[in-house]
Amino acid sequence: MAMKYRRVLLKCSGEALMGPTPYGIDFETVDRITAEIKAVHALGAEVSLVIGGGNIFRGVAGATQGMQRASADYMGMLATVINALAVQHALESHDVPTRVMSAIRMDTVCEPYIRRRAIRHLEKGRVVIFAAGTGNPFFTTDTAAALRAAEMGCDALLKGTQVDGVYSDDPKKNKAATRYDTLTYMDVLQRDLKVMDASAVSLARENRIPILVFSLHEAGGFAKVLAGTGRCTVIQDQ
């Protein structure tokens with residue numbers, strides 16, 4: 001299968017790892033997602049990941065309960081490290097070489113994030129999982145994903161979701177919601193479509209990185225999207 005995008009970053013939410021469970025990590029779901037990543041890796045794609053932490057702790061939610069926002073965000077960053085280690089284990093059980101790199105140093109469990117080292121890992125065929133967001137409070141993992149995609153020189157930033165693209169409203173709640181095949185960055189910002197936060201979309205726009213929104217639940221969907229044949233919404237300047 002010929003690939004349209006060779007070096008990519010996949011962003012998925014922490015909630016994607018929950019599967020049918022109400023909290024935490026469902027390892028059957030993680031195994032299914034990592035099998036999709038393995039298939040893409042086997043085609044020769046250079047893959048990096050950013051995973052949210054909302055299945056364990058969400059900083060914004062902590063702040064609404066009276067916690068200082070910065071402290072809550074740091075807790076959320078640590079949750080992303082837990083998820084990164086879980087995904088690393090699943091990938092390596094599929095014989096996919098993997099490195100976890102954290103923006104917050106914790107050398108006993110993973111490598112510190114160093115841009116040139118991360119690029120070298122990708123060049124050597126390792127899947128790189130970026131953990132702990134940007135290492136700073138007040139920034140989401142969406143923004144971290146756009147930042148790392150720009151730093152790695154990625155051909156595309158992929159957002160794995162529960163649906164097959166971007167809709168005008170939640171299609172699970174509103175059956176009349178309109179699905180978009182293509183959008184511009186400004187369309188997303190002006191219509192407040194909630195695909196990714198505004199800073200992430202703006203960062204992708206500044207670096208001319210297309211954002212591809214697709215369903216994590218379609219078998220083989222990740223590979224098809226990289227080949228340019230999969231069902232997704234493409235966000236880029238026309």
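How many disulfides does the count come to? And which strands pair with β3?

Modeller: This is a predicted model, in which local features need pLDDT of at least 70 and side-chain atom pairs count only at pLDDT 80 or more, while totals for chains, interfaces and linings use all residues. Residues are numbered from 1 along each chain as its sequence is written, and side-chain values use heavy atoms, with hydrogens and water left out.

The count comes to 0 disulfides, a disulfide being a pair of cysteine sulfur atoms within 2.5 Å. For C110, which is in no disulfide, the nearest cysteine sulfur is that of C12, 17 Å away. C110 counts as buried, at 8% relative accessibility (buried means under 20% relative accessible area, exposed over 50%, partly exposed in between, with a 1.4 Å probe and protein chains only). C232 is in no disulfide either; the nearest cysteine sulfur, that of C154, lies 16 Å away. C232 is also buried, with a relative accessible area of 12%.

Now the strand. The protein chain has 8 helices and 11 strands, taken as DSSP runs numbered from the N terminus (helices H or I, at least four residues; strands E, at least two). An open sheet of 9 strands runs in the order β4-β3-β5-β2-β1-β6-β10-β11-β9, with mixed pairing. Its edges are β4 (111-112) and β9 (182-183); each has a single partner strand, so one side of each is left without a neighbour in the sheet. Two strands pair if DSSP finds at least two bridges between them.

Strand β3 covers residues 98-102 and pairs with β4 in the parallel sense over 2 bridges. S102 has P112 of β4 as its bridge partner, and M101 stands opposite E111 in β4. β3 also pairs with β5 (residues 127-131), again in the parallel sense, over 5 bridges. There the bridge partner of M101 is F130. Of the 5 residues of β3, 4 are buried, and the strand is mostly covered.

Among contacts with a separation of 6 or more, 71% are between residues 24 or more positions apart, where contact means heavy atoms within 4.5 Å. The C-alpha trace spans about 45 × 45 × 35 Å along its principal axes.
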